[in-house]
Amino acid sequence: MNSRIKSHNTLFNIVLKEIKLDDRWLSVGEISLYLGITKDSVYKWVRDKGMPAHRLGKLWKFKTSEVDEWLRKGSANEVKSDSGRQETK
């Protein structure tokens with residue numbers, strides 16, 4: 001992880017202590033920092049792995065509680081098939 005991402009993660013962790021994340025929607029940038037992945041990976045996980053996301057116009061929004069539950073279930077290890085069903089990789 002480069003120093004720029006580390007400084008963003010540090011800042012984000014400070015903000016996390018002041019904000020209850022379940023009370024608001026997170027942007028792609030915020031959820032990428034929360035998960036420690038790139039924005040491109042967020043879009044790929046939504047498209048290919050079915051990560052829970054909500055489209056508001058052109059914007060994608062995320063609830064940490066939904067994403068955390070999705071990760072706990074192991075869904076990040078699955079790929080959506082052409083039929084839209086989850087398949088284990």
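User: Why is the contact of E30 and R24 called a salt bridge?

Analyst: In this predicted model, the side chains of E30 and R24 come to 2.8 Å, N to O. The cut-off is 4 Å between a side-chain nitrogen of Lys or Arg and a carboxyl oxygen of Asp or Glu. The 2.8 Å of E30 and R24 is within 4 Å, so the contact is a salt bridge.

User: What makes E30 and R24 buried, partly exposed or exposed?

Analyst: E30 has a relative accessible area of 23%, and R24 has one of 27%. Buried means under 20% and exposed means over 50%. Both values fall in between, so E30 and R24 are partly exposed.

User: How many salt bridges does the structure hold?

Analyst: Three. Another of them joins the side chains of R47 and D48, at 2.8 Å from N to O. A further one joins R72 and E69, where the closest N and O atoms are 3.6 Å apart. That 3.6 Å is also within the 4 Å limit, so R72 and E69 count as a salt bridge.

User: Why does the contact of D48 and R47 also count as a polar contact?

Analyst: The side chains of D48 and R47 are joined at 2.8 Å. The limit for a polar contact is 3.5 Å, and residues adjacent in sequence count only if both atoms are side-chain atoms. The contact is between side chains and within 3.5 Å, so the term applies to D48 and R47.

User: How do you know whether R47 and D48 are exposed or partly exposed?

Analyst: R47 has 53% relative accessibility, which is over 50%, so R47 counts as exposed. D48 has 31%, which lies between 20% and 50%, so D48 counts as partly exposed. D48 lies in helix α3. Its C-alpha is 8.5 Å from that of E78, although D48 and E78 are 30 residues apart in sequence.

User: Where do R72 and E69 lie?

Analyst: Both are in helix α4, residues 64–72, three residues apart, about one turn of the helix. An α-helix has 3.6 residues a turn, so residues three or four places apart point the same way. R72 is exposed at 61% relative accessible area, while E69 is partly exposed at 35%.

User: What makes the aromatic pair of W45 and W70 tilted?

Analyst: The structure holds one aromatic pair. W45 and W70 form it, with 6.0 Å centre to centre and 50° between the planes. The 6.0 Å is within the limit of 6.5 Å, so the two rings count as a pair. W45 lies in helix α3 and W70 in helix α4, so the pair ties together parts that are 25 residues apart in sequence.

User: Why is W70 called buried?

Analyst: W70 has a relative accessible area of 7%. That is under 20%, so W70 is buried. Across the protein, buried residues make up 27% of the 89 residues.

User: Which residues of helix α3 are buried, and how do you know on which side they lie?

Analyst: In α3, residues 39–49, the buried residues are V42, V46 and K49. They cover an arc of only 120° around the axis, which puts them on the same side of α3. The face turned away from this buried side carries the exposed residues D40 and R47. G50 follows α3 and has a positive phi, near 75°.

User: What makes the buried residues of helix α2 line one face?

Analyst: The buried residues of α2, residues 28–35, are V28, G29, I31 and S32. Seen down the axis of α2, they fall within an arc of 165°, so they line one face of the helix. These buried residues pack against α3, β2 (59–61) and α4. Just after α2, G36 takes a positive phi of about 75°.

User: Why is the charged end of K63 said to sit over the ring of W25?

Analyst: The charged end of K63 is 4.6 Å from the centre of the W25 ring. The distance limit is 6 Å, so 4.6 Å meets the distance part of the rule.

Note on methods: Residues are numbered from 1 along each chain as its sequence is written. This is a predicted model: local features need pLDDT of at least 70, side-chain atom pairs count only at pLDDT 80 or more; totals for chains, interfaces and linings use all residues. Side-chain values use heavy atoms; hydrogens and water are left out. Buried means under 20% relative accessible area, exposed over 50%, partly exposed in between (1.4 Å probe, protein chains only). Helices (H or I, at least four residues) and strands (E, at least two) are DSSP runs, numbered from the N terminus. The arc is that of the directions from the helix axis to the C-beta atoms. A polar contact is a pair of N or O atoms within 3.5 Å; within protein, one must be able to donate a hydrogen and the other to accept it, and residues adjacent in sequence count only if both atoms are side-chain atoms. Rings of Phe, Tyr and Trp (its six-membered ring) pair if their centres lie within 6.5 Å; planes under 30 degrees apart count as stacked, over 60 as edge-to-face and the rest as tilted. A charge sits over a ring if NZ of Lys or CZ of Arg is within 6 Å of the ring centre and within 35 degrees of the ring normal. Contact means heavy atoms within 4.5 Å.
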